[in-house]
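Hi,

Here is the structure I said I would pass on.

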Amino acid sequence: MAGNRAVAYMEPGKVEVIDIGYPDLVLRDGPGVNPLNVGRKCNHGVVLKVVTTNICGSDQHMVRGRTTAPSGLVLGHEITGEVIEVGSDVEFIKKGDLVSVPFNIACGRCRSCKERDTHICENVNPDRPGSAYGYVDMGGWVGGQSEYVMVPYADFQLLKFPDKEQAMEKITDLTMLSDIFPTGYHGAVSAGVKPGSTVYIAGAGPVGLAAAHSAQLLGAAVVIVGDLNGERLAQARSFGCETVNLREHPDLGEQIDQLLGVPEVDCAVDCVGFEASGHGSNAGEAPATVLNSIMEVTRAGGRLGIPGLYVTGDPGGIDEDAKIGTLKVRLGLGWAKAHTFVTGQTPVMKYHRDLMAAILSGRAQIAKAVNATVISIDDAPRGYQEFDQGAARKYVIDPHGLVK
Ligand SMILES: NC(=O)c1ccc[n+]([C@@H]2O[C@H](COP(=O)([O-])OP(=O)(O)OC[C@H]3O[C@@H](n4cnc5c(N)ncnc54)[C@H](O)[C@@H]3O)[C@@H](O)[C@H]2O)c1
Ligand SMILES: [Zn+2]
Ligand SMILES: [Zn+2]
């Protein structure tokens, strides 16, 4: 039987490439696998030869030791691959298909899935609705930062690229369909971005840059991206965004006023999450900063898209409250301004087909916006490290050396 090299979380700050064995169409026991999921048969699934699999800011929360992820957990929820084995209950997906895998795992059979809320599928995680590959507390589905991976519910979930050769030409764009392009787009849509909108995006990581590009696609008049990382802000300017360096200019409203002539925007998106830094040069971690600042700068009646991740448990939280996900959010301000909040995982399947068409037609330039950078699986530990240090790159692992 062929082996299967994979990127695993070992301890805070450390990932390693290990051999986990070739997958079959069963969810077997392993680090982080929910006991109620062990032995689960997946004849509705397929085995993929992984073509590309990206490192995500969501992985970094685990690798920084900010979750309860166990040692040995195989990482990777952003997966694109070629089908090489098909389960007996798979009817339409075929061997040889090149597909994008939504990072959420969804059965297609429960109430949530039937309502297109595939981010809160009720049948894949025994602990709570919602699941993902290679993620703590998500049921234990094995991650795809590996050479081969098993994907369940293939007919329902997989997005097949219409032409393999054309897809390989644009693979560094298409690889973003598994998560960050739909996630950035969902952030912008849920913030109500439309033609002529003024938009503030908190965070210039890959999700923030994807949200900024999405806001442009939706017709925003001005997109302002804020971060404390100058290199990432330069990346945002490279495709036409305005930027605010919150390390140098802690007063966000004042900076928005200088750009727009008013201290407010129509729409705002939190692409940072619970590891947010306070503003200013010596600010430490302040987990409610982004939530409070987007309420401050969004006009009354506005909508706040919140794809940034918030957790129910954080061993590294700044205080006892933060350790259980209780933050000092100024809800009274949001209430007074009649804001709408949209949180949670992204329902990838609501968007991925349209965004694929936008990529294939040349309308969307997502790889360029996020500075997609292809690395080998052996270089994954370095990729994690550089990404953690704030490199203005989206690392794309190419485990078989298939990307030109
Ligand atoms: N909802 C979803 O389905 C979904 C999907 C993917 C990622 N995410 C989450 O989105 C977030 C962003 O992901 P990413 O890959 O871009 O992560 P990232 O860590 O690369 O980017 C976060 C950026 O926020 C910046 N930042 C910190 N404090 C800030 C502040 N107060 N104001 C503005 N910027 C600040 C950091 O400097 C960093 O550049 C993460 O929390 C990730 O878990 C959610
Ligand atoms: Zn991700
Ligand atoms: Zn479901």
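Let me start with Tyr153, which has a relative accessible area of 8% and is therefore buried (buried means under 20% relative accessible area, exposed over 50%, partly exposed in between, with a 1.4 Å probe and protein chains only). Before going on, some housekeeping: this is a predicted model, where local features need pLDDT of at least 70 and side-chain atom pairs count only at pLDDT 80 or more, while totals for chains, interfaces and linings use all residues. Residues are numbered from 1 along each chain as its sequence is written, chains are lettered from A and ligands numbered from 1 in the order in which they are written, and side-chain values use heavy atoms, leaving out hydrogens and water.

Back to Tyr153: you will find this residue in the loop between β9 (148-151) and α3 (154-157). The phi of Tyr153 is near 45°, a positive value in a residue other than glycine. Asn371 also has a positive phi, near 60°, and is not a glycine either. Asn371 sits in the loop between α14 (366-370) and β17 (372-375), and its relative accessible area of 25% makes it partly exposed.

Tyr153 is also one of the residues touched by Val124, among them Asn37, Arg40, Cys107 and Trp141, when residues up to four places away in sequence are not counted. Contact means heavy atoms within 4.5 Å. Val124 lies in the loop between α2 (111-114) and β9 and is buried, at a relative accessible area of 0%. From Val124 to His352 there are 228 residues in sequence and 21 Å in space, C-alpha to C-alpha.

Now for the helices around α6. How do α6 and α7 pack? Helix α6 (residues 180-190) and helix α7 (residues 206-217) meet at an angle of about 60°, and their axes are 7 Å apart. The axes are lines fitted to C-alpha atoms, for helices over the stretch in contact, and the angles run from 0 to 180 degrees between N-to-C directions. That makes α6 and α7 oblique to each other (under 35 degrees counts as roughly parallel, over 145 as roughly antiparallel, 65 to 115 as roughly perpendicular and the rest as oblique). On the α6 side the contact is made by residues including Ile180, Phe181 and Tyr185, and on the α7 side by residues including Val207, His213 and Leu217. By class, the residues of this α6 and α7 contact are 10 nonpolar, four polar and no charged (Ala, Val, Leu, Ile, Met, Phe, Trp, Tyr, Cys and Pro count as nonpolar, Asp, Glu, Lys and Arg as charged, and the others, Gly among them, as polar).

α6 also packs with α13, at an angle of about 105° and with the axes 10 Å apart, so the two are roughly perpendicular. Here Phe181, Pro182 and Tyr185 of α6 meet His352, Leu355 and Ile359 of α13. This contact of α6 with α13 has five nonpolar, one polar and no charged residues. The buried residues of α13 are His352, Leu355, Met356, Ala358, Ile359 and Leu360, and they pack against α3, β10 (159-160), α4 (164-169), α5 (171-174), α6 and α14. Just after α13, Gly362 has a positive phi of about 90°.

What about aromatic pairs? The whole structure has three. Rings of Phe, Tyr and Trp (its six-membered ring) pair if their centres lie within 6.5 Å, and planes under 30 degrees apart count as stacked, over 60 as edge-to-face and the rest as tilted. Tyr185 and Tyr351 have ring centres 5.5 Å apart and planes at 70°, so they are edge-to-face. This pair links distant parts of the chain, 166 residues apart: Tyr185 is in helix α6, and Tyr351 is in the loop between β16 (340-342) and α13 (352-360). Tyr351 is buried, at 12% relative accessibility. Phe387 and Tyr395 are edge-to-face too, because their centres are 6.4 Å apart and their planes at 75°. Both Phe387 and Tyr395 are buried.

One more helix: α10 (residues 289-297) is mostly covered, with eight of its nine residues buried. The elements that cover them include β11 (198-202), α9 (252-260) and α12 (331-336).

Cheers

Note on methods. Helices (H or I, at least four residues) and strands (E, at least two) are DSSP runs, numbered from the N terminus.
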